[in-house]
Amino acid sequence: MVLRITTCQAENTHAPARVVADYIGNQLGITTEFVLNLSWPERKTGLLNGDIHLGWICGFWYAQQAAGPHSPLKLLAAPVFSGIRYRNRPVYFSHVVVRRESRIKRFTDLEGLTWVFNERNSLSGNHVMRWALAARGQNLSFFGQVKESGSHLLSMAMVARGQADVAAIDSTVWDDVRSEEHTSELQ
C-alpha cells in the first residue's frame, strides 16, 4: 500500500507538507506519495472518498466536513507556526492589504472599491472579509467589484498592479512573501 498525502492550502504549504509526507514514510518504513498533480477540488474529493489518505487542509473546510453526521475526516494535528505573534498556538491571521501608496486608512475607506479574494472556501482570504462586512452591517454590495484570483499570491499581485484595491491574505503566506522569497512573483 502507498500512503497518499496532499495539501489543499496555499502554495507556501507545499514544501513543508512534502517534508511531512517524506518524514512519515521514513518513520513508518512505508511508501508515501505526495499528491499535487490534481486540482484543489479533486484533492478534497480524494480525501473524502479515501483515495488520498492524509491532507493538510483549511480549518473552515474541515469544520464544514466534520459537521456532517458521517464525516470521513478525522483531525490528527494542527500546525503551530513559528513567530512571536503565533504564541506557540495553532492559530493564524489574515492581513487586509492595500497598495503601499494607497490613501486607504480605515475599513470604511474600502467602500465602492475592488476586493479580490483567493478562492470561495478560504477562511483567511474570503470568509474573514465577509465576517468583517457582516460585523459592520454590510454585505458584498459594500464593494464596487469583487474578483476571485485563484490564490493568495495572485490576489497580492493584483493589488500590487492596481487591478484590485484590497485583499485578505493568510498570515503564513504574508510571512513567506515578506521573507522576500517570492517578492518577484508580485511584480
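I started with helix α6, which lies across β4 and β7 and runs at about 95° to β7. Contact here means heavy atoms within 4.5 Å. Axes are lines fitted to C-alpha atoms, for helices over the stretch in contact, and angles run from 0 to 180 degrees between N-to-C directions. Helices (H or I, at least four residues) and strands (E, at least two) are DSSP runs, numbered from the N terminus.

Housekeeping: this is a predicted model, in which local features need pLDDT of at least 70 and side-chain atom pairs count only at pLDDT 80 or more, while totals for chains, interfaces and linings use all residues. Residues are numbered from 1 along each chain as its sequence is written, and side-chain values use heavy atoms, with hydrogens and water left out.

Next I looked up α5 (residues 152-160) against α6 (residues 171-178): their axes come within 10 Å and cross at roughly 65°. On the α5 side the contact is made by H152, L153 and M156, and on the α6 side by V173, W174 and V177. I sorted these residues by class and got five nonpolar, one polar and no charged. For the classes, Ala, Val, Leu, Ile, Met, Phe, Trp, Tyr, Cys and Pro are nonpolar, Asp, Glu, Lys and Arg are charged, and the others, Gly among them, are polar.

**The four-stranded sheet**

I then checked the sheet under these helices. α5 lies across β4, β5, β6 and β7, at about 150° to β7. The sheet is open, with four strands in the order β4-β7-β5-β6 and mixed pairing; two strands pair if DSSP finds at least two bridges between them. β4 (94-97) and β6 (145-148) are at the edges with a single partner strand each, so one side of each has no neighbour in the sheet. On average, neighbouring strands are turned by 20° against each other, direction ignored.

Inside it, β5 (residues 114-117) and β7 (residues 166-170) pair in the parallel sense over two bridges. I noted one partner: V116 bridges to A167 in β7.

**The three-stranded sheet**

I also looked at an open sheet of three strands, ordered β2-β1-β3 with parallel pairing. β2 (31-35) and β3 are its edge strands, each pairing on one side only. The twist averages 20° from one strand to the next. β1 and β2 run parallel and are joined by five bridges, and I found E33 in β2 as the bridge partner of R4.

Two helices went down here. α1 lies across β1, β2 and β3, at about 165° to β2. α2 packs on the sheet as well, touching β1, β2 and β3, and its direction makes about 135° with that of β1.

**Largest pocket**

I got a volume of about 1000 Å³ for the largest pocket. On a 1 Å grid over the protein atoms alone, a pocket is an open set of points with protein on both sides within 12 Å along at least five of seven lines, whereas a cavity is a set where a 1.4 Å probe fits but cannot get out; lining residues have an atom within 4 Å of a point. Grid points are joined across faces, edges and corners, and a volume is the space filled by probe spheres set on the points.

The lining has 45 residues, and G55, W56, I57, A77 and P79 lie nearest the centre. Elements giving two or more residues are β1 (2-7), α1 (14-28), α2 (40-49), β3 (54-56), α3 (59-66) and α6. The largest share, four residues, comes from α1. By class I have 28 nonpolar, 14 polar and three charged residues.
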